[in-house]
Amino acid sequence: MKNSASLPLVRLPGGAELEGPTTGQVYRALGIGRELAPREEVDLLVVGAGPAGLGAAVYGASEGLDTLVIESTGLGGQAGSSRRIENYLGFPAGITGNELTSRAVTQARKFDARLASPYRAVALEPGTSRHVVRLDEDHEIAARAVLLATGAQYRRLPVDDLDKFEGASVFYAAGPPEAQLCGAERVGVVGGGNSAGQAAVWLARGGALVTLLHRRADLRETMSAYLIRELERYHVAVRDRSEIAALHGSDGQLEAVTLKTGEQLPLAYLFLFLGALPCTEWLGDTVQRDEHGFILTGTAAGADYLLATSVPGLFAAGDVRSGSTKRCATAVGEGAMVVQFVHAHLTAS
């Protein structure tokens, strides 16, 4: 009987066995994904293959940098799982996250960027000429410059089938495209903080019939007084002690939600402002972060470049960066922009 420490036991086609393998080891044993050497040396290491990371891969590799991208899960990040991105420049009919990711990966490989997944970064050791990022499975990457593009995980509603509506009628940000989409529709905003209040007011000003749902007894516990007055001004309905238990709809289009009390509300769109957790726990105290764990860049980090961190040669882009706008197109732009700063750093060093 196998020792439990070696479980799971994976038997491969042909009879070979792997004892207690990581997901990456299984993938690569099946011929899926790139196999990295125990130590790699590159010009630019991109940690995270979401929109920011893929943008940096395309522009870094196309401008002559030996570029390696590592990703711990699936290529594309959260955007890659979106059913449809409606506000991405150049795609007026929208584009699925999977299709956008596939095109970006193809484009990055066209310029000889290397993409390796799944490899998980576990530690960062800043250096003078090169920084070392240690990965699971005892791999290490020594890079002249590192882009941290690990993104953030939005807190999600603990309800079934949420993924079927995300990107189509359930969103995590509210801007002009969303306001236009939701005009004259019944819309729910979930959250009790200022970001939820601002979104509710914005959507209501655009003509949506907005209901704000939060779980506390009094909204004044978590939201600024001026925003509460704005909610009243724009006739936003506020529901205290309200939590969603189920979503109803078909083909990605929300039709109603059921609250934990059993009451059902007709809603066509839902905006979730439950907070986000940056994927930065593996960094420890190597770079300066804000009180929520997002990476400080530019003047906030005492850096010379807009997307530079507190450590020369380390950059951050996309959702993981403090103050980012949390939008796909912006993340791609930051990923492209950071390559300019990488060149400037490499020239100066």
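Let me begin with strand S6, residues 121-125, and strand S7, residues 131-135, which pair in the antiparallel sense over four bridges; strands here are DSSP runs of E with at least two residues, helices are runs of H or I with at least four, and both are numbered from the N terminus, while two strands count as paired if DSSP finds at least two bridges between them. What we are looking at is a predicted model, in which local features need pLDDT of at least 70 and side-chain atom pairs count only at pLDDT 80 or more, whereas totals for chains, interfaces and linings use all residues. Residues are numbered from 1 along each chain as its sequence is written, and side-chain values use heavy atoms, with hydrogens and water left out.

Staying with this pair, Ala 121 stands opposite Leu 135 in S7, and the hairpin that joins S6 to S7 passes through five residues.

Now to another sheet, an open one, where three strands follow the order S14-S15-S16 with antiparallel pairing. Strand S14 (244-250) and strand S16 (264-266) are at the edges with a single partner strand each, so one side of each has no neighbour in the sheet. From one strand to the next the twist averages 25°, the axes being lines fitted to C-alpha atoms, for helices over the stretch in contact, and angles running from 0 to 180 degrees between N-to-C directions.

Between S14 and strand S15, residues 253-259, there are six bridges; Ile 244 has Leu 259 in S15 as its bridge partner, and Leu 247 stands opposite Val 257. The hairpin formed by S14 and S15 has two residues between the strands, and Asp 251 in its turn has a positive phi of about 55°.

My last topic is the second largest pocket, with a volume of about 660 Å³. A pocket, on a 1 Å grid over the protein atoms alone, is an open set of points where a 1.4 Å probe fits, with protein on both sides within 12 Å along at least five of seven lines, and lining residues have an atom within 4 Å of a point. The lining of this pocket has 26 residues, and Tyr 154, Ser 195, Phe 273, Gly 275 and Ala 276 lie nearest its centre. Which helix gives the most to this lining? That is H5, with four residues.

Terms used. Grid points are joined across faces, edges and corners, and a volume is the space filled by probe spheres set on the points.
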